[in-house]
Amino acid sequence: MLKGKTALVTGSTTGIGLGIARALAGEGCNIMLNGFGDKTAIEEIRAGLAKKAGVEVGYNGADLSDADQISSLIHDTVSSLGGIDILVNNAGIQHTAPVTEFPADIWDKIIAIMLTGAFHTIQNALPHMLEKSWGRIINTSSVHGLVASINKAAYVSAKHGIMGLTKVVALETAQSGVTCNAINPGFVHTDLVQAQIEDRATAIGKSPTKAAHDLLSKKQPSLDFVTVEQIGALCVFLCSDAAAQITGIPVPIDGGWTAQ
Ligand code: NAD
């Protein structure tokens, strides 16, 4: 379905981003991977994905908190893979602390990566989509782009912020063949959530399995984690012709979290 197209998925060396990259590659899309991690492991992922899906896969380790590196990332994607048709703004980090104790430098970093970074990728990538009268921008927001939780001031602010950016970009591109939407996952069992499970296990003095159940039971009525494959499939749908008139919306995938 996406043969001949190119997608940049930020923060795709692990977790949700890697799940999205794999799903798009499975539809024939060339992929630019981005994110941090062990160089050998990343090369294995890159080469493995290229072989399995039979598509071109590149890697660029740009830091999404740096505007100059983002500009180079977009140039590299266009020059090495022939364009940029799909942009998935997914890179993210988490830090939990009450607002009175929240470190200001971590606030700045979270906003820089998850909100300002997405502004820069969109600003750099959108002209390439408009040139072709086709494009898909998918912003990995969160249930925390729609509702709040304690101790996540920066994360919730960045994720609410990207909902605003999503709507503005959708309106500005409404007649152009480009769509811009947000996906809003509940708990997905990735490295980012593993840290919260371990903190909870320590706090309640129980095993990580019990702590994971405890975390889910507070927020996610299905009591099951969302999988990265389910999120990948949602992104494939948002890139399809069937979704051409879906723009400017949040798409929750959250086991009922935001129905409460
Ligand atoms: P993860 O830690 O597995 O992946 C995060 C990715 O972002 C990694 O590839 C990492 O290297 C990359 N990254 C971090 N800082 C970066 C930077 N400065 N520049 C470039 N890349 C950077 O976590 P995940 O759970 O897969 O999270 C991916 C996205 O999904 C995040 O935006 C997160 O907020 C969002 N999300 C996660 C959940 C969840 O339950 N896991 C739920 C809702 C939304």
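A: Across the interface of domain 1 and domain 2, zero salt bridges are found, a salt bridge being a side-chain nitrogen of Lys or Arg within 4 Å of a carboxyl oxygen of Asp or Glu. Polar contacts do occur there: five residue pairs, both at pLDDT 80 or more, are counted between the two domains. A polar contact here is a pair of N or O atoms within 3.5 Å; within protein, one must be able to donate a hydrogen and the other to accept it, and residues adjacent in sequence count only if both atoms are side-chain atoms.

On the side of domain 1 that touches domain 2, eight residues are nonpolar, nine polar and two charged, with Ala, Val, Leu, Ile, Met, Phe, Trp, Tyr, Cys and Pro taken as nonpolar, Asp, Glu, Lys and Arg as charged, and the others, Gly among them, as polar.

This is a predicted model, where local features need pLDDT of at least 70 and side-chain atom pairs pLDDT 80 or more, while totals for chains, interfaces and linings use all residues. Residues are numbered from 1 along each chain as its sequence is written, and side-chain values use heavy atoms, leaving out hydrogens and water.

As for the domains themselves, domain 1 covers 6–188 + 227–259 and domain 2 covers 189–225, bounds that come from an automatic or database domain assignment. Together they bury about 1,200 Å², with carbon and sulfur atoms giving 59%; buried area is the accessible area (1.4 Å probe) that two parts lose on being put together, summed over both. Phe187, Val188 and Gly255 supply 50% of the area that domain 1 buries against domain 2.
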